[in-house]
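Biologist: I'm new to this one. Could you show me the model and walk me through a few spots?

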Amino acid sequence: MILDYFVFSFNNLRRRGLRSWLTMLGIFIGIAAVVSLIALGQGLQDAITEQFEQIGSDKVVVQPRGRIGPPGSETSGNALTLEDVKVIEDINGVKNVVGILTKTSKVEFEDEITFRFIYSIPKEGEAREIFEGTQAYKIFEGRELRDEDRFKVIVGYNYAFGNIFDKPVKLRDKLLIQGQEFEVVGILNKIGNPFDDGSVIINEDIMRDLYNLEDEVSGIFVQVDEGASVNNVVEDIEKDLRKFRNEEEGKETFEVQTSEQILGIVSNIFAIVTTVLVGIAAISLVVGGIGIANTMYTSVLERTREIGIMKAVGAKNSDILLIFLFESGLLGLVGGVIGIALGIGIAEGVEYIGAQTIGTPLIRASFSLPLILGALLFSFVVGVISGLFPARQAASLKPVEALRYG
């Protein structure tokens with residue numbers, strides 16, 4: 001019986017081909033927008049999660065409160081110092097500590113100018129190891145910086161492939177940083193985000209000379225001892241730094257965060273943005289639902305005599321109701337299938353364009369079975385709900401009155 005309802009409803013929709021396609025337009029536009037936005041949002045969140053997994057759960061970041069940009073970038077005046085680094089070194093449970101300098105600087109190459117992040121790298125030893133681990137630092141071509149290197153640099157992956165300047169930067173090429181000439185001795189492996197892949201790394205002592213810095217640090221990376229509680233170490237860092245900097249609790253000019261906390265903040269931001277975008281896209285679904293309702297009401301008027309004949313030969317109210325609900329549900333379901341296909345195509349296209357133009361794997365599409373099934377179910381439910389009142393109107397028609405129509 002259910003199959004008969006389905007076949008009958010499908011044939012009715014097929015006979016009204018153009019009207020059915022126009023009715024589904026709002027549904028598949030809305031579903032396509034929802035699927036593509038959720039897939040891209042989830043893909044970006046997955047990529048960022050992978051970045052933080054590379055850092056490790058045993059890392060803690062200390063940075064000035066009011067920082068603008070990525071960890072260690074320019075601050076609003078609450079600078080950390082080498083003295084803060086020494087305070088953290090003496091805390092129980094701390095394995096390694098490294099202070100990093102980061103500045104936004106003018107970088108010139110063959111008469112082209114750009115502004116990029118310049119990072120300092122610590123001297124060779126344990127401090128450098130934690131820096132390399134935290135920054136996912138690996139050499140793609142060339143060599144690492146040595147302590148005795150004066151005006152040598154390592155550049156991010158994007159420099160070598162023409163994504164920063166018109167011409168690719170190669171080993172032994174010269175860059176002007178703050179008016180000082182540096183020779184490229186190494187190129188970093190692809191990290192996956194535009195900040196790191198477009199950065200420049202120089203030795204710490206050279207960076208202090210270049211920017212006339214004394215004891216300032218832009219950020220402090222802390223590695224916790226194996227077996228020590230990360231949360232306890234964070235509390236001790238906050239307590240000792242407050243005491244050393246003579247600051248009251250709640251009025252600190254610094255903030256201490258674990259990599260998991262930073263990831264949680266980023267994930268929450270993306271969840272909010274995705275929800276807002278999906279909400280906007282859902283407006284198309286509302287419009288699509290109204291279109292289905294309008295089509296079904298029109299169908300009831302056009303088929304009043306047909307409904308009367310079906311009732312005259314024994315069709316029950318429930319049979320008429322189910323036929324019209326199947327038709328509206330099919331409109332939503334088919335619109336959902338088309339919308340999912342369009343959404344997948346849009347998301348994959350955005351991923352491809354992002355990889356080709358920006359050169360980052362952060363823009364990716366992530367499709368899950370719950371997303372696909374949820375979109376199908378949602379489109380079907382929208383169709384059924386939109387056709388509910390027209391179906392009830394059709395089912396409530398009296399046979400004699402219906403047969404008089406037309």
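Modeller: Let's start with F151, which is partly exposed at a relative accessible area of 33%; partly exposed means between buried, under 20%, and exposed, over 50%, with a 1.4 Å probe on protein chains only. Mind that this is a predicted model, where local features need pLDDT of at least 70, side-chain atom pairs count only at pLDDT 80 or more, and totals for chains, interfaces and linings use all residues. Residues are numbered from 1 along each chain as its sequence is written, and side-chain values use heavy atoms, leaving out hydrogens and water.

Biologist: Which residue lies over the face of F151?

Modeller: A charge sits over a ring if NZ of Lys or CZ of Arg is within 6 Å of the ring centre and within 35 degrees of the ring normal. Here the distance from the ring centre is 5.3 Å, and the residue is R150.

Biologist: Is F182 buried or exposed?

Modeller: Its relative accessible area is 0%. With that value, F182 is buried.

Biologist: How are the rings of F151 and F182 arranged?

Modeller: Rings of Phe, Tyr and Trp (its six-membered ring) pair if their centres lie within 6.5 Å; planes under 30 degrees apart count as stacked, over 60 as edge-to-face and the rest as tilted. These two have centres 5.5 Å apart and planes at 75 degrees, so the pair is edge-to-face.

Biologist: How many residues apart are F151 and F182?

Modeller: F151 is in the loop between β6 and β7, while F182 is in strand β9 (residues 180–188). Strands are DSSP runs (E, at least two residues), numbered from the N terminus. The pair links distant parts of the chain, 31 residues apart.

Notes:
Helix = DSSP H or I, 4+ residues; strand = E, 2+ residues; numbered from the N terminus.
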